[in-house]
Amino acid sequence: MKSKIVTMIMAMGLTFTAGSVSAAGELHIYNWGNYTNPEMIEKFEKMHGVKVTIDGYDSNETMLAKVEQGGSGYDIVVPGDYMIAIMLKKDLLERVEPNKMSNFKNVDKKWVDVYWDEGRNYSIPYQWGTTNFTVDSTVYKGDVNTLALLFDPPDELKGRINMLKDMNDVINAGLRYLNYPRCNANKAQLKELNAMLIKAKANWRTMDYSVIEKLTSKDVDLSQSWNGAAKRARKDRPELVYSYPKEGFTGWMDNVAVLKGAPNLENAKLFMNFMMTPEAAALTSNFANYANGIVGSEPMMNADLTSAPEIVMPASAPAPEFVPPCSQEVTDLYAKIWTNLNK
Amino acid sequence: MANPAATTTRKPGKSIDLKYQPGFSQIAWFCIVVLYAPIAVLVIFSFNENRSVTVWTQFSLDWYIKAWNNEGIQHAALVSLEVALVAMILSTIMATMAALVTTRTDSYRGLNSAIAVINQPLMVPEIVTAVATLIFFAIIKQLTGVSGIGYLIAAHTAFCIPFAYMPIRARLEDMNLSLEQAAADLYAPPFKVFRRVTLPLMMPGIAAGAMLAFIVSLDDVIITLFVAGPGETTLPLYILGQIRRGVTPEINAVSTVFVGISVILVTLIFLFGKDRKK
């Protein structure tokens, strides 16, 4: 009886505070934290008279967990390449056909037929980058464009290396070094990979995400790194050089997509079209510090971006490889190698 | 701590004084350093002039000014305060009522399970509550079409109740019934007894409980992460969202202010608790 009163009061509290109903002229964006340029949003708000809210997440998986149940209230999400593939499989994205929108002509042709959204029926490019490594050129003076520096380092780099604490980034780099295919379930090849990684680990100092801190505090002289982090680290340590290994490397792309059941579907489409204008793309790049995949945005981008070797790939570098999510069998095998490596 | 009278009860002689074992103070200092050194570093680098959180260059308040002018942080701070204030008020009212009915009563079958139900958010792992709440609210939202910050406040209220409940109940259990009985003897009707005797006596407990609830709500990450809807990013969520893209001293500055608020409130709780011992 008494606990009934408590539940009643709680129910009352719920109804009393849950009064607000979504009005017309709103747009709810769920993007990575610190990744949306407020200036760009302001421009969009003025242009269409739409009130925008922005919330941030820290990983693709957090975002997925939250929107998977439906009713999250968000219209726009910005998943990474493989996450678009997963969300399409789970039927979470609305087919808004950006490829028929007026500004689609601005999208760089090489970002149209991508594995995660063939022909771009669901998503458009937001920002893209590469995962490589960056090395102090005063410590190591030789050619930096080889994965040998990670897995068979010269003496001056031994014990001075930080690797990302990321299973896919480490294993894919290892597979490229051994010249074996990605999403690999070949047990003999994986055994070789495992032995190679264990041997290489003896020369690694740490496995950690905090790349910028590790490099600028001179804790290490080489670190596996996303290109944006490498660029920021170079600001404090100008000797750093970003490598584009000849064996190949991983690319990633975050994409603007619309959630199924978005409460403000029309505004979401307007936003998507707006994000394909060179102005909006340049504003985003200037804020987030990555390349954007929209043709014509470069003249409006900050000079320190367009001149950064981390952001603008040299013509001699191989094309970045976008690795699709692997099968469960492969993931399990990788997890075993990864656990073993982290012992 | 600052009261020297507390140590005068030491008995001289054979019995070993547990407070003065060899090595205790070293272990205590070690624990204090491990617990507080990282926070000290965080606070120091919030005053760093460059954008690194590990390399010191020069003292500056730039990051505080930047954080103060950052719209995202402003909005998140307001959401945090709004949720924490409403959740504090609601949960303290409920906890006070719950404390009254679980102490001012004869023991009955099920009293202990009633207390266990009230304290349930302390026992269940937070991530379980978070996922359960997420799914539950998603169903309600889809059925009713109602959205808004009410869901977040309801979730916060629910997990704040046990934190508010414990100090209030402790206070009530300490209070002798004789004053209330004397008031009743003098023909005070029950409500007047409550209004004039019980409530003023339990006020320190209520104040401590309310502040504890406020802090717990302000600090919460996991449940908030799952329940918060569009435009409902709280300060801890905002900080969490920054981490993957690299931490700047701006976050140190916000965190320092955050730590400051927590310290002030905890000190107040401590002072309230101390007062009534006299």
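Residues are counted from 1 along each chain as its sequence is written, while chains get letters from A and ligands get numbers from 1 in the order in which they are written. Since the model is predicted, local features need pLDDT of at least 70 and side-chain atom pairs count only at pLDDT 80 or more, whereas totals for chains, interfaces and linings use all residues.

Chain B has 12 helices and zero strands; here helices (H or I, at least four residues) and strands (E, at least two) are DSSP runs, numbered from the N terminus. Along the sequence, that reads α-α-α-α-α-α-α-α-α-α-α-α. Of the 278 residues in chain B, 36% are buried. A residue is buried if 20 or more other C-beta atoms, placed from the backbone, lie within 10 Å of its own, exposed if 12 or fewer do, and partly exposed in between. As for contacts (C-beta atoms, placed from the backbone, within 7 Å of each other), 77% of those in chain B with a separation of 6 or more link residues 24 or more positions apart.

Two helices of chain B are worth a look together. Helix α3(B) (residues 71-103) and α7(B) pack at an angle of about 45°, with their axes 6 Å apart. Axes are lines fitted to C-alpha atoms, for helices over the stretch in contact, and angles run from 0 to 180 degrees between N-to-C directions. That angle makes α3(B) oblique to α7(B), the label left over once angles under 35 degrees (roughly parallel), over 145 (roughly antiparallel) and 65 to 115 (roughly perpendicular) are taken out. The crossing of the pair is right-handed, that is, the near helix is turned clockwise from the far one by less than a right angle. Their contact brings together 17 nonpolar, seven polar and two charged residues; Ala, Val, Leu, Ile, Met, Phe, Trp, Tyr, Cys and Pro count as nonpolar, Asp, Glu, Lys and Arg as charged, and the others, Gly among them, as polar.

Leu152(B) sits in helix α7(B), which covers residues 150-174. Leu152(B) counts as buried because it has 27 C-beta neighbours inside 10 Å. Leaving out residues up to four places away in sequence, Leu152(B) touches Val83(B), Thr224(B), Val227(B), Ala228(B) and Glu232(B). Ile223(B) is 71 residues away from Leu152(B) in sequence, yet their C-alpha atoms are 8.7 Å apart.

Over in chain A, strand β6(A) (residues 123-136) is mostly covered, with 14 of its 14 residues buried. Strands pair if DSSP finds at least two bridges between them. Eight bridges tie β6(A) to the antiparallel strand β11(A) (residues 250-258), where Ala257(A) is the bridge partner of Ser123(A). Five bridges join β6(A) to β9(A) (residues 222-226), also running antiparallel, and Thr134(A) stands opposite Ser223(A) there.

Finally, the two chains meet through 39 residues from chain A and 40 residues from chain B. The largest share of chain A's side, eight residues, comes from α1(A). By class, that side has 12 nonpolar, 20 polar and seven charged residues.
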